[in-house]
Amino acid sequence: MLNEMKIQSIGKKLFDVAGFAEDRVLVIIRLNGGNDGINSVIPIDQYANMTIQRSNVLIPQASALGLTTEVGLHPKMGGMRNMYNDGKLGIIQNVGYPEQNRSHFRSMDIWSSGMIDNPPSTGWLGRQMDVDFPNYPDAYPNATYPDPFAISMGYETSSTCQGLMANFSHAVNNPFDVYNLASSGVLDDGTYYGSHMDYLATLIDQANAFGAQINGAANGGSTLSTMYDAGNPLAVQLQYVAQMISGGLQSKVYVLNINGFDTHDSQVSAADTTEGTHAELMKRLSDAIEAFQDDLMLLNLEHKVMGMTFSEFGRQVASNASLGTDHGDAAPLFLFGSCLDIDIMGSNPVIGNSVVNQAGIPMQYDFRDIYASILKDWFGVSSGEVQTLFEHSVTFYPLVTPCGVGINEEDLAKEGALIYPNPATSNATVRFTAGNEWVKIDIYDINSKHIAEVYDGTLSQGRHDIPMKLKDLPIGEYIVQIKKESGLINSKLMKMK
Amino acid sequence: MTPYTGPWTKVEAGHLLRRTMFGPTNQQILDAVTNGMASTVTALLQIPAITAPVAFHPDETIAAFGSPWADSVYPSDPIAAQTVETARLMSLGGWAMDRINSEQLTIAEKMCLFWQNHFAANAGLDSRATYDYHVLIRSHALGNFRQFVKDMTINPNMLLFLNGATNTLYSPNENYARELLELFTIGKGPQIGPGDYTNYKEEDVAAAAKIMTGYLVDGLRSDTLTDVTAVFTPILHDTSTKTLSSHFGGATVPDNGANEYADFIDIVFQQDEVANFICRKLYRYFVNYDLTTSVESTVITEMANTLIASNYEVLPVLQELLASEHFYDTSVRGALIKGPLDMLYSMLNGTESVPGFDLATDYEMQLNIYWLADTMGQAYASPPSVAGWPAYYQEPSFSKLWVNATHIKTRFDVSSWMSLYGGIPVNGNNWELDALTFLDNLSDPSVAATVIDDICDVFTPKDVDVVQKLILKAILTNSLPDFEWTLQYNDYLANPGNTAYSDPVKLRIQLVLSRLFQMPEFHTI
């Protein structure tokens with residue numbers, strides 16, 4: 001996944017390109033405490049039985065924001081409804097894992113690690129980063145990898161990014177904080193003491209180096225949306241994320257957290273079930289994500305960023321007597337971004353007509369398969385490599401479009417070259433293989449008129465991703481021609497506004 | 001074990017006190033030098049009595065302000081009860097931190113943290129039970145390990161935490177049984193066959209779960225009962241005779257009702273591996289994370305032999321270890337990175353800094369330290385899992401796990417606030433390091449070089465590089481000749497209460513401490 005970063009930095013040197021389609025970012029929002037899926041994504045066709053099972057927390061049918069005739073959103077989720085209508089929100093129904101563990105801690109460990117039987121000390125993303133960057137944290141950051149591989153918003157690193165030796169995420173509470181820690185000239189004299197002194201000195205240097213990069217990105221970046229609410233902590237953090245991404249920070253993963261989903265009591269207000277703790281949480285989540293997506297659009301970064309929410313479990317079908325719900329099983333998971341290949345995946349949960357003690361929603365999709373599909377299609381990790389990260393036999397789902405992603409080697413061999421995103425707006429990348437040979441890439445219009453030269457030079461053996469700057473091109477159809485010693489490839493490119 | 005017979009100076013005494021306490025003062029180290037190793041070790045191995053946590057938060061509506069709440073009921077209304085519980089939890093957190101902050105010359109607080117990490121139960125739903133759990137830990141801190149395990153097995157907080165309270169004849173729950181074998185007593189060895197972990201088998205877990213069936217917990221958040229208790233309920237107990245695996249010689253455990261769990265624990269303790277297991281943990285906590293083959297065959301074996309010979313009394317093992325040649329070996333000095341609590345309270349205790357305001361303010365301030373430690377990865381009553389904090393067990397990184405590039409900044413920020421920028425503000429008061437008192441209590445505060453030597457002796461495990469010491473001295477003297485510091489300090493002494501003289505002295509020592517706390521040397525122990 002992240003090994004493409006090498007190519008980006010070469011690209012940066014050779015071409016003056018503002019952004020890279022290859023430079024993909026995943027934003028993860030953790031809904032801490034166990035989100036009530038039924039009141040988030042409302043199964044409209046189940047109202048009769050929901051009334052039997054959870055009347056005291058039930059959202060009135062008329063208030064649900066309909067996405068389809070069968071599926072609605074919580075009334076406070078207007079922002080995410082708009083995103084759905086724009087094709088920028090995906091819902092995966094009933095995500096969980098076999099034999100759900102209802103302990104917050106254990107289940108969060110399972111979701112963070114992507115392992116069920118023996119949650120290891122590594123996270124699902126950390127394991128992949130261990131493959132890509134062996135020997136981390138020694139020798140990082142460096143000239144090729146100046147930035148943290150992942151950012152965890154807040155004070156804690158994210159357990160999703162825990163590697164064997166260290167956590168790959170760098171915690172950032174405010175990217176404008178200045179790091180200026182006293183560095184230390186201690187040497188490792190080979191003793192236990194010396195090794196620890198050396199380790200601490202490395203951390204101090206790393207903190208300063210990462211801090212400077214983050215400061216630089218935050219100060220150099222911008223944020224354009226006016227939709228962020230300064231009183232919404234998640235929105236503030238997402239705005240920081242947009243600022244860092246637009247400032248060119250090359251971190252691949254941003255993890256954010258929103259607390260308060262453990263709604264055993266007072267989930268809804270007694271007077272009005274569309275108000276209360278859960279309503280406020282859904283509003284914050286929905287508003288913040290809508291503002292963030294708006295910002296990405298204005299910053300022209302939409303093709304670079306996708307997002308995902310997760311929670312350790314859903315809640316039980318039947319509500320309790322305290323206007324709340326208890327720990328349950330599966331729940332819907334949201335994806336967001338402009339490169340989604342799904343709108344609603346899966347079916348509404350079936351609500352029975354009588355209360356079954358402690359019943360949750362049965363799982364339809366295994367969360368590990370969602371992770372696997374994102375690793376494969378968003379980060380371009382091969383399916384074989386993805387499989388090695390998980391203990392179960394992985395099923396891949398098409399969650400993201402070839403908006404610059406979902407490229408597999410078969411397609412590449414067949415096509416000769418792949419352009420993504422395609423259609424493209426301001427930047428696109430052309431991916432092809434070369435064999436240690438001279439390569440020239442040009443863009444022609446449909447009348448074979450030469451428009452621009454993209455590349456002229458020798459490329460090493462293997463797969464290459466060459467960025468193209470399309471901002472000044474008029475809207476229309478173009479031909480990207482790759483001239484290699486071994487042959488000629490012509491591919492169509494569609495330029496959009 | 002071979003007893004230590006080498007030099008006994010501030011270096012060795014400081015090593016002993018830093019490992020067994022959170023933050024010795026210069027005077028405590030000097031006293032230890034005077035009193036000698038044997039008598040210092042004996043003094044350390046005593047557990048002083050403590051007082052119970054008291055009500056300080058306005059949300060505590062049952063117990064009166066300033067009085068203990070551990071024998072108080074809860075309000076009947078569940079939401080009101082939750083509010084009171086939150087207040088009690090805060091009291092408990094402040095109390096735990098205050099105990100560390102006010103520790104005298106004793107291993108007590110380090111032992112309590114050791115056992116909190118070993119029997120790693122979180123604070124549960126009822127702070128009275130959580131408090132009882134901490135009292136149990138303290139009462140057995142240097143006592144009989146076998147009896148400790150027995151008492152812990154039927155401790156209400158533990159029964160709730162590992163589902164012992166729902167382990168019944170009709171639905172056995174293996175959670176506690178598994179951890180009892182895997183983490184609390186004999187330890188999990190390599191898997192050598194299906195369900196066979198060298199020291200025990202899956203069938204032992206299943207049998208142990210049945211053996212321990214029938215305990216319920218009564219009084220949880222009760223509005224009438226003043227205590228949370230474990231209650232044995234015969235009809236929920238599995239009365240069949242349980243058979244253990246070959247690892248326990250195929251022993252059988254016949255029905256013995258409420259005491260059957262103790263019979264089982266006696267059988268487990270017949271295996272000497274129990275002694276090895278707990279001695280390895282003690283070694284990693286007090287000496288070094290690295291269990292080399294030679295440490296295993298000498299130190300661990302000798303510790304385990306002592307433990308078995310003393311019928312599983314812990315005190316003799318520590319008495320021997322803390323007076324052994326190996327404990328003072330230069331190779332193990334500075335071999336551990338301080339955990340967050342060690343880091344925070346070495347700073348505070350080493351400078352004799354206590355809040356000293358009113359009750360509620362003091363509790364709040366200690367709670368602030370609690371949350372800071374939490375931010376840095378160590379919430380006292382809330383280990384991340386039943387295995388404890390990974391820094392104490394996770395190979396190969398061990399104590400390195402306490403710090404990362406983020407936590408190191410937090411450590412630096414916190415030490416700067418505490419030493420320079422006003423400390424922790426609560427209710428209009430600030431708790432900052434008592435830098436001036438600390439300075440006054442050093443051996444010769446008017447001599448710059450001595451001040452720096454003393455500071456390094458108190459806070460760092462090994463000799464600090466001469467260049468680093470010069471930098472520290474230059475900070476103290478503001479790069480002036482040393483005699484200028486002497487003059488300034490003597491002026492301050494001659495003008496008591498005059499801040500025009502004391503403030504500059506205070507600032508210099510604050511700057512030195514702030515710098516010292518940002519040196520890697522300070523973060524090792």
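This is a predicted model: local features need pLDDT of at least 70, side-chain atom pairs count only at pLDDT 80 or more; totals for chains, interfaces and linings use all residues.
Residues are numbered from 1 along each chain as its sequence is written, and chains are lettered from A and ligands numbered from 1 in the order in which they are written.

Chain B has 22 helices and six strands; helices (H or I, at least four residues) and strands (E, at least two) are DSSP runs, numbered from the N terminus. Of its 525 residues, 52% count as buried. A residue is buried if 20 or more other C-beta atoms lie within 10 Å of its own, exposed if 12 or fewer, and partly exposed in between, with C-beta atoms placed from the backbone. Two residues are in contact if their C-beta atoms, placed in that way, lie within 7 Å. Among contacts in chain B between residues at least 6 apart in sequence, 70% join residues at least 24 apart.

Asp77(B) is found in the loop between helix 3 (37–44) and helix 4 (78–101) of chain B. Asp77(B) is exposed because 11 other C-beta atoms lie within 10 Å. Asp77(B) and Asp223(B), 146 residues apart in sequence, are 8.8 Å apart in space, C-alpha to C-alpha.

Between the chains, 29 residues of chain A are in contact with 33 residues of chain B. On the chain A side, strand 7 (169–172) and helix 6 are the elements that give two or more residues, and helix 6 gives the most, with 12 residues. By class, this side has 19 nonpolar, nine polar and one charged residues; Ala, Val, Leu, Ile, Met, Phe, Trp, Tyr, Cys and Pro count as nonpolar, Asp, Glu, Lys and Arg as charged, and the others, Gly among them, as polar.

A nonpolar core is a set of buried Ala, Val, Leu, Ile, Met, Phe, Trp, Tyr and Cys residues joined through C-beta atoms within 7 Å. The largest has 272 residues, and those with the most contacts inside it include Leu26(A), Tyr254(A) and Leu344(B). Helix 6 (residues 192–220) of chain A contributes the most to this core, with 11 residues.

In chain A, strand 13 (residues 417–420) and strand 14 (residues 427–434) run antiparallel and are joined by four bridges; two strands pair if DSSP finds at least two bridges between them. The two strands form a hairpin with six residues between them, in which Tyr420(A) stands opposite Thr429(A).
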